[in-house]
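Subject: A structure for you to explore

Hello,

Here is the structure I promised to pass on to you. Please open it next to this message, and then read on for what I found.

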Amino acid sequence: MISRRRVLGRYWLAIILVASCAHALRAQEPPQPRVTIGFIDIEDDPRHEPIRAYERMILKTREHPFVGAKVAIDEAQALSRALKIDFALERLTVKSEAALVPAVTQARESRGIQFFVVDASAEAFRPLVEAVREHDVLLFNATAPDDWLRRELCSREIVHTLPSLAMTMDGLVQHLVSRKWRDILVLQGPAAADAAMTKAFDASVKKFGARIVAKRDFKPGTDPREREKNNPLLLTALNRDYDVIFIADDAFDFARQLPYQTQRARPVVGAIDLEPVAWHWTWERHGAPQLNSRFQRASNGRRMDSQDWASWIAVKMVVQAALRTGSADFAKQREFILGGNGFDGYKGLAVSVRPWDQQLRQAVFLATPNAVIASAPIDGFLHRTNTLDTLGDDEQETPCKLKR
Amino acid sequence: MIIGRPSLIFAFVAAVLAVVPAAAKNTGLIFVSNEKSNNVLVLDPKTFKVVKDIKTAKRPRDMHFNADRTRLYVACGNDDAIDVIDVAKLEVIGRLKTGSSPETFAIDDARRRIYVANEETSTVAVIDIEANKIVQDIKTGDEPEGVHLSDDGKTLYVTSEVGNLVHQIDTEAGRVTKDVIVGTRPRRFAATPDGRELWVTAELAGEVTIIDRAKFAVAGKIEFLPPGMRKSDVTPVGVAMTRDGKTAFVTLGHAAHVAVVDVAARKVEGYILVGKRPWGVTLARDDRTLFVANGLGDDVTIIDVRSRKATQSIPVGRVPWGIVIDD
């Protein structure tokens, strides 16, 4: 036992020597400054549980969007040579929502990480924002579409790279109005997310001059006593005609069985068939095919979705800020990101951060499973400064006033 | 034109290459590559009528002649190939293998080499034309696009759209020797005839970045804004320069205009309205006619250079990419 310990002792000494030699060698070339971006997510996050019809029949996989961030950091590698700044990505997976704050604090204090892509619910941002305030940290919200997070929490510490519900619903209604499909039947599911989506849709309908001819709550099930709420034929039977059916159904199981089961031959939009999204695997303009194929290679064939895009662009923004300021300094980079500068989001018009609520203004795709039918803002929806601000909360439409 | 056995392809290409090259005939024929209809349309130089529809491998994009213009090479992105068209016969007579998704390329006729940017694999492949073989892959930043070869064949310039970089590559050593940071999403090149400057379109920055070739550093930029447009609508991609080096034409993509630029003064002189999403742009050898491919309009706009007016637009295939002229 003694001899073994001695051997081990020598071994450690050798490691220290090798390490210090390597250090001495590197010392001749000053080390490049490094910008590390943290990607934080939660193990067994229910938001990422697959949606199943039955045990082995998966309808939506709902993966964590880490690969999006990974692709962006890989893209930065060629640049790091010219810029003489290294870029790194560190994934922090915690056990519960409560562990987010300690993990972020520890990463900041011990490893100097100041940018975090956050894959967590809107609720998780309340304690996070409190914890990082006054600490030179910028959080990127890549997965929570909730409008209240932008309007009521309204925090300087967050940049929202995922479009808000208000933005996606505005994009959808712009398309319906441009088709002159103005009369809409609304079907709302029982989940809180369905209520939030319907509320946002309702606001968009008012904003762009469409009409809700009826709103009905559905309740998935087969109980004949509740057939008015669970039978697609009865739910869509209406004396008044309508052009299109909007359905809010986060659980998805009811929505997937609605098209072609309706009383009238009308298209279904919202949770199925025509969905407003931040990204789609079929988008074929603005360099998107190359991004989609890089993503597929990095993820073993998965198709890039909205949350993946929102994680990707978050990392891109940090890299771009370092590039354009020529600096690894956090304050300069944050200033660049929040300063209204345009970023290449691979969806046409440059994306940029709105100063009033720090939402990333961006195009919204209206996508069917196999094609992007339109990209909002739809032609003809005008704005005095930037047509992207026809989507979501414009400066005067939100209580959030972060503009400095 | 799909040949199953590799040995057959080799024999075929070898036979084709063994033919003694004929001299250029200056037919004036106009070749338009169409990404989505998988063909190169050949237009009559006077009537602009289609004289031949040449089927190619999938997604034909960039095209270049060899030195005596007996062969036209066409990069076909979805089939990972460069098709070889016999200019006299107007048919595909061979196929070179490339890396994944070739877009633009340059030919070094003296060394019998092709340098092709493969946007999917982030490399420039060096192809030995005789052997029909990739002899080297040079690593670039992501999404390499524009390629420009110096007249002496020693230096290759390549844009990386994702990296916002232009690489300077030593073709003998086969490696990147220098990088320069340019405007966001650099796309394509034009070189001033005096060899001093390299113009690079930066699509998302809405500008042309000018590179001093001797210093390999940014020497200036030109911004564009057609009347009534917003900066965000301006997405420059294609650029062509007159042979005297006095005037440049830059296609502005989403803004549906071509900018006319005084090269020496680095000043925009005017804008010409063209079709939807113009990218590819080519001048006739006499510098009197400009051809613009409108990618999302499936047509080509013809511009009279002296009056700076669009005179005609002609329907072509689906998503026209580029135009070359046998003059």
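In which sense do strand 17 of chain B and strand 18 (residues 207-212) of chain B pair, and over how many bridges? They pair in the antiparallel sense, over six bridges. Strands here are DSSP runs of E with at least two residues, helices are runs of H or I with at least four residues, and both are numbered from the N terminus. Two strands count as paired if DSSP finds at least two bridges between them.

A word on conventions before we go on. This is a predicted model, in which local features need pLDDT of at least 70 and side-chain atom pairs count only at pLDDT 80 or more, while totals for chains, interfaces and linings use all residues. Residues are numbered from 1 along each chain as its sequence is written, and chains are lettered from A and ligands numbered from 1 in the order in which they are written.

Back to strand 17 of chain B, which covers residues 197-202. On its other pairing, strand 17 of chain B joins strand 16 (residues 186-191) of chain B, in the antiparallel sense over four bridges. There B:Ala191 stands opposite B:Leu198. Strands 16 and 17 of chain B also form a hairpin, with five residues between them, and B:Gly195 in that turn has a positive phi of about 80°.

Is strand 17 of chain B mostly covered or mostly open? It is mostly covered, with six of its six residues buried. Buried means that 20 or more other C-beta atoms, placed from the backbone, lie within 10 Å of the residue's own; exposed means 12 or fewer, and partly exposed is in between. B:Glu197, B:Trp199 and B:Thr201 point one way from the strand, and B:Leu198, B:Val200 and B:Ala202 point the other way.

Now the whole of chain B. It has one helix and 28 strands, and 52% of its 327 residues count as buried. Its C-alpha trace spans about 55 × 45 × 30 Å along the principal axes. The pLDDT, which is the predictor's confidence in each residue from 0 to 100, averages 92 in chain B, and 93% of the residues score at least 70. Over residues 14-21 of chain B, however, the pLDDT is below 50, and this stretch has six contacts in the model beyond near neighbours in sequence. Where pLDDT is low, the predicted coordinates should not be read in detail.

How do the two chains meet? In the model, 13 residues of chain A are in contact with 18 residues of chain B; contact means that the C-beta atoms, placed from the backbone, lie within 7 Å. Helix 3 (77-83) and helix 11 (288-298) of chain A each give two or more residues to the side of chain A that touches chain B. The largest share, four residues, comes from helix 3 of chain A. For the complex, the predictor gives an ipTM of 0.74 and a pTM of 0.84.

Finally, chain A is divided into domain 1 (1-30), domain 2 (32-163 + 278-362) and domain 3 (167-277), with bounds from an automatic or database domain assignment. The C-alpha centres of domains 2 and 3 of chain A lie 31 Å apart. Their contact takes twelve residues from domain 2 and eight residues from domain 3.

Enjoy exploring!

How values were computed
Two residues are in contact if their C-beta atoms, placed from the backbone, lie within 7 Å.
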